[in-house]
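Hi there,

Here is the structure I promised to pass on.

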2 protein chains.
Amino acid sequence: MRVLIKNCNLISMSENRKKYEENIDLLIEDKLITRIDKDIEEKVDKVIDATGKIIMPGLINTHSHISMSIFRETVDGYKTQDWLKEKIWPMEDKLQEEDIYWATLLSCIEMIKTGTTTINDMYFMTDKIIEAALETGIRLQTTRTLMGYEEKDDQRLKELEELIEKYNQDTISFNVGIHGLYTSNEQYVKKCIKFAENKNLPIHMHFCENEQEREDIKRDYNVKTPLEIILRDFNKTHNILAHSVKLDEQDIKELSKTNSYISHCPVSNLKLGCGIAKIKEMLENGLCVSLGTDGQGSGSNLDMFETMKFTALLQKGVNENPELLPAYEILKMATINGAKALKLDKKIGSIEVGKRADIIMINLNNILTQPLNNIFAQIVYNVKGTDVEMTMINGKIIMENKRLEGIKETQICEKCSQIIKRISK
Amino acid sequence: MRVLIKNCNLISMSENRKKYEENIDLLIEDKLITRIDKDIEEKVDKVIDATGKIIMPGLINTHSHISMSIFRETVDGYKTQDWLKEKIWPMEDKLQEEDIYWATLLSCIEMIKTGTTTINDMYFMTDKIIEAALETGIRLQTTRTLMGYEEKDDQRLKELEELIEKYNQDTISFNVGIHGLYTSNEQYVKKCIKFAENKNLPIHMHFCENEQEREDIKRDYNVKTPLEIILRDFNKTHNILAHSVKLDEQDIKELSKTNSYISHCPVSNLKLGCGIAKIKEMLENGLCVSLGTDGQGSGSNLDMFETMKFTALLQKGVNENPELLPAYEILKMATINGAKALKLDKKIGSIEVGKRADIIMINLNNILTQPLNNIFAQIVYNVKGTDVEMTMINGKIIMENKRLEGIKETQICEKCSQIIKRISK
C-alpha cells in the first residue's frame, strides 16, 4: 500500500530537520516512510489531506500494564499496599486468559485513539496481550513478568523464551521484564540479567518507585543504596527503569554512568503518593528520560498528552523555575527518547526516510487551542488525546477521522464491565 | 421556558441528598430548578434525555483573567517577570476595547464547552467583558481591577461603582478586585476595603502567589508576614484570595480565623514556577478551598476538569499520601465551594429546588472512561472538558450536543489570531 500525506505541518522530531515545517508531503510505502518533500506527485492508493493539521511521530509509552484497564479508578482514597492487598491481588487471582484479551483490547483502542503507537507492557498471560495487540495493530514491546526466589520460578524465563520464539516480529518485540529487585532474590535477578545479555534484550524493571521499596531493597540486598546493585549487576545491560522516584542526586550521578533509561510516570507516582521524580537532575546528568502512564489502576488512563503536561508542569513547579523543560523537550521524551529507551530508535520515534511509518495527525483547529502562539506548547499543554484524528502504525491507517474500522467498542466496554463485576465479587 | 431533564444520573452536590442517584428527573422553570423527583410527568417546552449521562452542577472557576485568552502559550520557557515585562505588558498597552470583547468571547465559549458556568474575572475594560458574557450567557462575577498609589487612582473605584450601577443583575455580579498588596499602597488598599464594606461586596485579590511577592509585601508594609495585614485590615470582609501558594502553616492557621476563601490555581502555579499551595493544611484548618484556572497566559486553558485532576494528584503526591482528597472532595471544590467563595451559594453550586439552573451533562460512555468503577473518580481523573455535551446557565440551554447555537467560532478564532499578531509586532 502506498499512502501520500499532503500538506503536513510537520514536527518530525528528527535531528536532521527543522523542528517545525509547513507544507510538507510524506510518502509511505508498505511499512516505511520513503520520501519527505514538498509537492510530492506520485500515484498512490490513498491520499490523506493534512491541511491545517499537525503531523508528528506516534507517541511511545515506555511503562504500563495495559491489561489493568479494568481496574481504572479502583484506587481512589486507598493506601497503595491496602489497595493491592485488599482489591487488586484478589481480583488478579481470578483473571482468566479471555479477560486479559478483552482488557488489553480496551487499552489498545484507548491508546490508538489518543495517539500512542508503541507501548512497553509488563504483565502476565502475555499470549493474550500479544493477540490483542496484533488484532488492533499497535506496536508492542512486552515480556513475561519475572519474579522469583526458587528453582521452579525458572519456568517463567522458559515461558519468555517460548514467547520470543513464537511471536518476535515487526510490531512485537521483547524485553526482560524483571518485576523489581524487591520481588526477587539476588540469584534470580542474576539469572534474568544473564538471559538478557545472552539474548541481547533490554531489561525493563520497576525501580525505586517509593520509599518503602527503596528501604526493602537496602535491607534484602544489604546495600547502602539500590544504585550499588545497578552499578554491580546491571552494568552491561540496556535498562529501562520505570519510576525511579526515590533517587537522590548521588544515585542519579551514578546511574548516568550505566546504560539506563528512565520511564517517568508522573501521574501514577502522584496518585499512589510516591512523590515526584527528580527529572531536572536526571536531565542535567545526561540521562535519557522517556514517559510512561503506568497501568490505569494507578495512572487512570493511557493518554500520553496528559503525561506530557504533568511532566513539564511538575518540574517547573517543584523547582520553582518556569524556564525548565520547554515544550519541545517534552515532545522528545514522548517520542524519540521513548524509542531510544526501547532500543527501537532505528525503527521509530521520528519521521525520517527509512523509518517505520508510525504517525499521528492532530487537529489544532478548535477554540481550546487558539490562538496558535506556540505550536509545541499547544501540543503539550492544550491538546487532548482525543484531538488525534488519524493514527498510522507500521504504515497502516489504524484510525481515520477518529474512527477505528471494524472495532466493536461497545462490545469491548461491556465485556470489561462484566469482567470487573465478576472478579470483584 | 419549562425544561425537563429525564433519567439523570445525578451528582447534585447537595448536602441534603445522596451523593449519587440514578433515574432522577429535574424540572426547570424559567431560571430555577423547581422539582427534583422520580418520574416527573409535566407538560414542558423541551425535554432533555439524560439516559446514561451524568448531570451535575456547572463548574465554578474562582480566579481568571479571561481576556488573556490571546496570550495562550506565550510564556513557555520564560521567567515570569521577563515574560510580563518583555511580552505581556507591552502587548496589553496596545489592547483596544474591541480586542477585549473578542478575547473574552473566545474564553466564554471555551468555558461553556468544558462545563464551566460561572467565572470570577479580574481585568480591565470591564464593559467589554460584561458585553461578551451577556452575549454568551455565562455567569460572571467581575470587577474593575484596582491598583493605586495616588489620589488620581481613585478614578478606578469610581469606574467600579459605575459598572455596578449599570450592570448588576442576575448573571452579572461584582466584587472588589484589588490586584494585590504589592501593587497598591496601604492607603489605597484601605480605601478599597472600605468600599467593599460599604457595598457589602467580596474582595478578590492575588495573595502570596510567589516568594518574591511575599518578600515585597513584607518590605513595603513593614510586616513579618503578609498575614498581619489580612488579620488587621481584612477581618470584616469576605475575601477571595487567589493562589495563596507561599503561606506557611502558621499563616494558614491565622488565615482560617478570617472570612477568607482560597482560589487554588495549581496549573498556573506550576507553570510560572511559583510552587504548590498547601491545600492539605488549608483543609485541615477548615478553610474553604475553591478552584481557579488563572488566565490562559499562565494557566494554558480554562478547563476546570484538568484543574480538578491537578489539585487531587498534587496533594496526594507532595504529601506522599494517596488517601488525601478523594474525588468527591474535589468535586465540591469545583462547585459548591466555588459558590461559597463568590458568595453565590444561595443561588448556585448545587442542584437543589430553588437554586438557579446552572447544570452540565457529561457523557461517560466512551472507552476512555470505562469501566465505570467509581463515578466521582472517573470525573476527576478521566473526563475531559470536551466530554461535556450540554451546558445550561440560569435555566437557558447554552450548549446542546456540544454545539452553541448562533456562535461563530471560526470568526472568533480568526479575530483573536489577528489581535495577537497586531499587538505582538
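Copies are superposed by least squares on the C-alpha atoms of residues with pLDDT of at least 70 in both. On that basis, a rotation of 180° with 0.0 Å of shift along its axis brings chain B onto chain A, with an RMSD of 0.0 Å. The two copies are therefore related as by a two-fold rotation axis.

Before the rest, some housekeeping. This is a predicted model, in which local features need pLDDT of at least 70 and side-chain atom pairs count only at pLDDT 80 or more, while totals for chains, interfaces and linings use all residues. Residues are numbered from 1 along each chain as its sequence is written, and chains are lettered from A and ligands numbered from 1 in the order in which they are written.

Now the interface. In chain B, 52 residues are in contact with 52 residues of chain A (C-beta atoms, placed from the backbone, within 7 Å). Helix 16 of chain B gives the largest share of the side that touches chain A, 5 residues (helices are DSSP runs of H or I, at least four residues, numbered from the N terminus).

Within chain A, the domain assignment (automatic or from a database) gives domain 1 (2-56 + 354-404) and domain 2 (59-341). Their centres, taken over C-alpha atoms, are separated by 28 Å. The contact between them takes 24 residues from domain 1 of chain A and 25 residues from domain 2 of chain A. On the domain 1 side, helix 15 of chain A gives the most, with 5 residues.

Happy browsing!

Terms used. Two residues are in contact if their C-beta atoms, placed from the backbone, lie within 7 Å. Helices (H or I, at least four residues) and strands (E, at least two) are DSSP runs, numbered from the N terminus.
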